[in-house]
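This report describes selected features of the structure shown below.

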Amino acid sequence: MPLCKVEGMEVGLTLGLENHEGTLKLSLMDSGCYVKEIIITLDGGASWLYQGMINAFEEQIGSAVESAITNKLKDGILKLDSFLQSLPKEIPVDDNASLNVSFVENPLLSSSSIEFDINGLFIGRKKVPVTKLYQQTWQPSVSCTDQSKMLGISLDEAVFNSALALYYDAEFMEWIVDKVPDQALLNTAGWRFIIPQLYKKYPNDDMNLNIALSSPAVIRISDHNIGATVYADVIIDVVEAGQVIPVACISLEIRGSGSVKIVGNNLGGSVKMDDLTMSLKWSRIGNLRMYLIQPVMWTLIQTVVIPYANSYLGKGFPLPIIHGFTLQNAEIIFSSSKVTVCSNVSYSESGIHLE
């Protein structure tokens, strides 16, 4: 039976990692394997004969081992390069949007970490052009207070604003409200003391509220919180004999604040309203007393619009995590204009394949 012992083996390799048209290109720049000594011992009747041959070719056997290990390294690097180039450039969010996760710069290496910059902006799955305001580049840096965390993901506020701009341009930010918790608010009788002329002209008729953003919402991130400003128009419709009649339009400026949380590998959140200002845009039923309408509008936004928005925000959008990895013990850090997610990760061995 042959016994083999290798002593003093050293393996070294130098890798190149660069951005190539939005994907990562891994190349083996230099590699080598050095075996100081290889000892092969044979046992058996005629072992003395073969042992002499093995001793004579010990140097060639060592060279063959070095060459085999080097070739295996090259094969492994090729498989890893193929895997990196197969990473998707887009992550679907829903039927309307995807997250652009193509790489935009070469990786930055340090003694203990590697940093990647990706585009990160939301793009339309139907290639709807996004408002140019958010087609910009930036250089975020990841800073985790707990240096033991394995992964850090920094999200500039431009990422969130690109999502809002995309949904606005896709005309997704429009709603017809015809059901509310207090359904009496959608009948002119419920407005008879607030807008008397409305009830007088359309007594006991049902109503709709046609809500549409007048411009993309804007998010601002500070060291302590996330603030949002939403500009919307609310058209008050009367439904008379099956006909929808617009009677007035009110412009809203809603200021709110938000929170974010980790939902699996998604970044979810919620919003609340902090302030509401209103102005009359146009009316077909005369002047409206806005100070009487504002409490009603506040109630409608709090009980209808905010819960509707939070039902979507709570699901979140996917963070750029390689398939098979899962965030663990994540923490969220706010800083000027960005949110950073710092986390450990686990992975399923069946989640990554390099064949």
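In this predicted model, strand 10 and strand 12 (residues 226-240) run antiparallel and are joined by eight bridges. Strand 10 is mostly covered, since six of its eight residues are buried. Strands of a sheet pair through backbone hydrogen bonds, in either a parallel or an antiparallel arrangement.

The loop between strand 10 (206-213) and strand 11 (218-221) contains Ala 217. Ala 217 counts as buried because its relative accessibility is 7%, under the 20% limit. The C-alpha atoms of Ala 217 and Met 173 are 9.9 Å apart in space, while the two residues are 44 residues apart in sequence.

Three strands form an open sheet in the order 3-4-7, with antiparallel pairing. Strand 3 (90-92) and strand 7 are the edge strands, each pairing on one side only. On average, and with direction ignored, neighbouring strands of this sheet are turned by 40 degrees against each other. Strand 3 is joined to strand 4 (residues 97-100) over three bridges in the antiparallel sense. Within this pairing, Ile 91 has Leu 99 of strand 4 as its bridge partner. Helix 3 packs on the sheet and touches both strand 4 and strand 7. The direction of helix 3 makes about 20 degrees with that of strand 7.

**Aromatic pairs**

The whole structure holds six aromatic pairs. One of them is formed by Phe 122 and Phe 317, which are edge-to-face, with 5.2 Å from centre to centre and 75 degrees between the planes. This pair links distant parts of the chain: Phe 122 belongs to strand 7 and Phe 317 to strand 15 (residues 317-318), and they are 195 residues apart. Phe 122 has 5% relative accessibility and therefore counts as buried. Phe 317, at 11% relative accessibility, is likewise counted as buried.

Phe 317 also pairs with Phe 160. Their ring centres are 6.0 Å apart and their planes stand at 75 degrees, so this pair is edge-to-face. Because Phe 160 lies in helix 3 (residues 157-169) and Phe 317 in strand 15, the pair ties together parts that are 157 residues apart in sequence. Both Phe 160 and Phe 317 are buried. Through these ring pairs, Phe 122, Phe 160 and Phe 317 are linked into a cluster.

A ring of another kind of contact is that of Tyr 312: the charged end of Lys 315 sits over it, 5.3 Å from its centre.

**Disulfide and cysteines**

The structure holds one disulfide. It joins Cys 144 to Cys 342, with an S to S distance of 2.0 Å. The torsion about the S-S bond of Cys 144 and Cys 342 is about -95 degrees, so the disulfide is left-handed. The bond connects distant parts of the chain, with Cys 144 in the loop between strand 7 (122-124) and strand 8 (151-156) and Cys 342 in strand 17 (residues 338-347), 198 residues apart. A disulfide is a covalent bond between the sulfur atoms of two cysteines.

| Residue | Relative accessibility | Class |
|---|---|---|
| Cys 144 | 12% | buried |
| Cys 342 | 0% | buried |
| Cys 33 | 13% | buried |
| Cys 249 | 2% | buried |

Cys 33 is also part of the surroundings of Thr 70. Thr 70 touches Ser 31, Gly 32 and Cys 33, residues up to four places away in sequence not being counted. Thr 70 is found in helix 2 (residues 58-85). With a relative accessible area of 14%, Thr 70 is buried.

Notes. Residues numbered from 1 in each chain as written. Predicted model: local features only at pLDDT ≥ 70, side-chain atom pairs only at ≥ 80, totals over all residues. Heavy atoms only, no water. Disulfide = S-S within 2.5 Å. Helix = DSSP H or I, 4+ residues; strand = E, 2+ residues; numbered from the N terminus. Buried < 20%, exposed > 50% of the residue type's maximum accessible area, 1.4 Å probe, protein only. Contact = heavy atoms within 4.5 Å. Phe/Tyr/Trp six-rings, centres within 6.5 Å; stacked < 30°, edge-to-face > 60°. Lys NZ or Arg CZ within 6 Å of the ring centre and 35° of its normal. Pairing = 2+ DSSP bridges. Axes fitted to C-alpha atoms, helices over the stretch in contact; angles between N-to-C directions.
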